[in-house]
Amino acid sequence: QQHRRLISRQRFINDFSQCLYEFVIQLLPTAEEMAVKEDVRKLLERLIRTIEPDSRLLSFGSSANGFSLKNSDMDLCCLIDSGERLNASDLVTMVGDLLERETKFHVKPLPHARIPIVKLTLDPSPALPFGIACDIGFENRLALENTRLLMCYASIDPARVRTMVLFLKVWSKRRKINSPYKGTLSSYGYVLLVIYFLVHVKNPPVLPNLQQMPPLRPISEEETHLNGYNIWFFDDIELLRQRWKSSNTETVAELLIDFFRFYSRDFAYNTGVASIRAGLLKKETKGWFTDDHGTGRERNRLCIEDPFETDFNVARCVTKDGLYTIRGEFMRASRILQARPDRAILALAQLCE
Ligand code: CTP
Ligand code: MG
C-alpha cells in the first residue's frame, strides 16, 4: 500500500514537471513579438536623440532578464552619456511632448512620480492584437544592474529557474495577487522570493550567491559602487556554467511544491527579511517596522531587501490584507499539490483557475 502510494506520488511529480515545462513554453513571446518590440525601442531611441543626441534607450525588466511572457509590457531606461543633464522630471515632460507630437502612442507623462516615467500605450491592431504598453524612465542605472543580476541567475539553471519564475508570474496574475497598487506584490518581488528560496532555503542550494562569490581579480571601490550602493556580483556566466554544479537534483515540480510550502508556513513573515545578498535578516536590525505611526499606511508587513538598494523594501506596498491574501494563495496552492491529485494537468489548471 505504502509502496504503491510512493510510486503514484513519484509519477505525479514527473508528470507535473513535464506539464510545467509545456505550459511555460506556450507562454513565451514569439520571435515576431520580440522583433516588433525591438523596432519600437529603436524608433523611440531615434526620436529621443533629436532632443538628447548622446542618449541610449535600453531595455530592462522582463524583456531583458529572461522572464518575459507573451504581451508583457516593455520597461525602457534612457541613459544620457554627456552634457548638462536635465533632471528626470523635466526630461519626462519634454520627451512626453515629443512623443505626443511624433507618434501614434497614447502618452502619459508622470513627472512627479517617485521614479518619473513616461507611460506609452498603443491600441491593438491586426499586427499587434494586444497593443503595446511601455514605460520610459531616465538614468535608472540600478534597475539595469538588477535586471542583469536576475538574467545571470536565470541563465545558471534556465530549465528550473525560468520555469519556476514564469509559472509563478502567470499564477500570481491569474490569482490576482500581482498588483503593488492594490497592496499585493510586483513581479520583481516574486522573482526575488524565488531566488531567495533557491539560494538560501534549499539545502543543498540550487543557485550560488552571486553577490558573495570572490571576484576573479581585485576590483576598486569605484568599479563596484553606484549611487553609494555596492552593485558587484559574479557575472562571468560562461565560467559559472563550467564551475558551478548544484548537487541539488530536485525536479522543478518538487521545487515548486516546496516553494509553496515554505512561503505558506515556514517563512518568518513577522520578524524576517528575505535578502538574496545576505540570507535571512531581521526586520529589527534593518529598522523596518510595521508600525505606521498613525498614518494609516501599511509598511513592511512583508520584507524583501532589494539586492543592491539595500535600504529599500521591494515589498513595501504589500498591506496587511494583501499579505493575508498572498499567504492564503500560497496555502491554497500547497493544498492542491499535496492532495494526492492523480492528473498533473488538472492540478495545474486548478492552480491557475
Ligand atoms: N524594479 C525595481 N524595483 C521595484 C520594482 C521593479 O528596480 N520595486 C525594476 C527591476 O529592474 C525589474 C523591473 O523594474 O526587473 C520590472 O519590474 P516588474 O514590472 O515588476 O517585473 P517584470 O519582470 O517586468 O514583470 P512583468 O512581466 O509583470 O512586467
Ligand atoms: Mg515589466
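This is a predicted model: local features need pLDDT of at least 70, side-chain atom pairs count only at pLDDT 80 or more; totals for chains, interfaces and linings use all residues.
Strand β8, which covers residues 272-275, pairs with β9 in the antiparallel sense, and four bridges join the two. Within this part of the sheet, Val273 stands opposite Leu281 of β9.

## The five-stranded sheet

Another open sheet is built from five strands in the order β1-β2-β5-β4-β3, and here too the pairing is mixed. Its edge strands are β1, spanning residues 55-60, and β3, spanning residues 106-110, and each of them pairs on one side only. From one strand to the next, the twist averages 20°.

Strands of a sheet pair through backbone hydrogen bonds, and they may do so in either a parallel or an antiparallel way. For β1 and strand β2, the latter made of residues 74-80, the pairing is antiparallel and extends over six bridges.

## Helices across the five-stranded sheet

Helix α2, formed by residues 31-49, lies across β1, β2, β4 (117-122) and β5 (132-138), and its direction is at about 150° to β1.

Helix α5, formed by residues 141-156, lies across β1 and β2 and runs at about 40° to β1.

Technical notes. Residues are numbered from 1 along each chain as its sequence is written. Chains are lettered from A and ligands numbered from 1 in the order in which they are written. Side-chain values use heavy atoms; hydrogens and water are left out. Two strands pair if DSSP finds at least two bridges between them. Axes are lines fitted to C-alpha atoms, for helices over the stretch in contact, and angles run from 0 to 180 degrees between N-to-C directions. Contact means heavy atoms within 4.5 Å.
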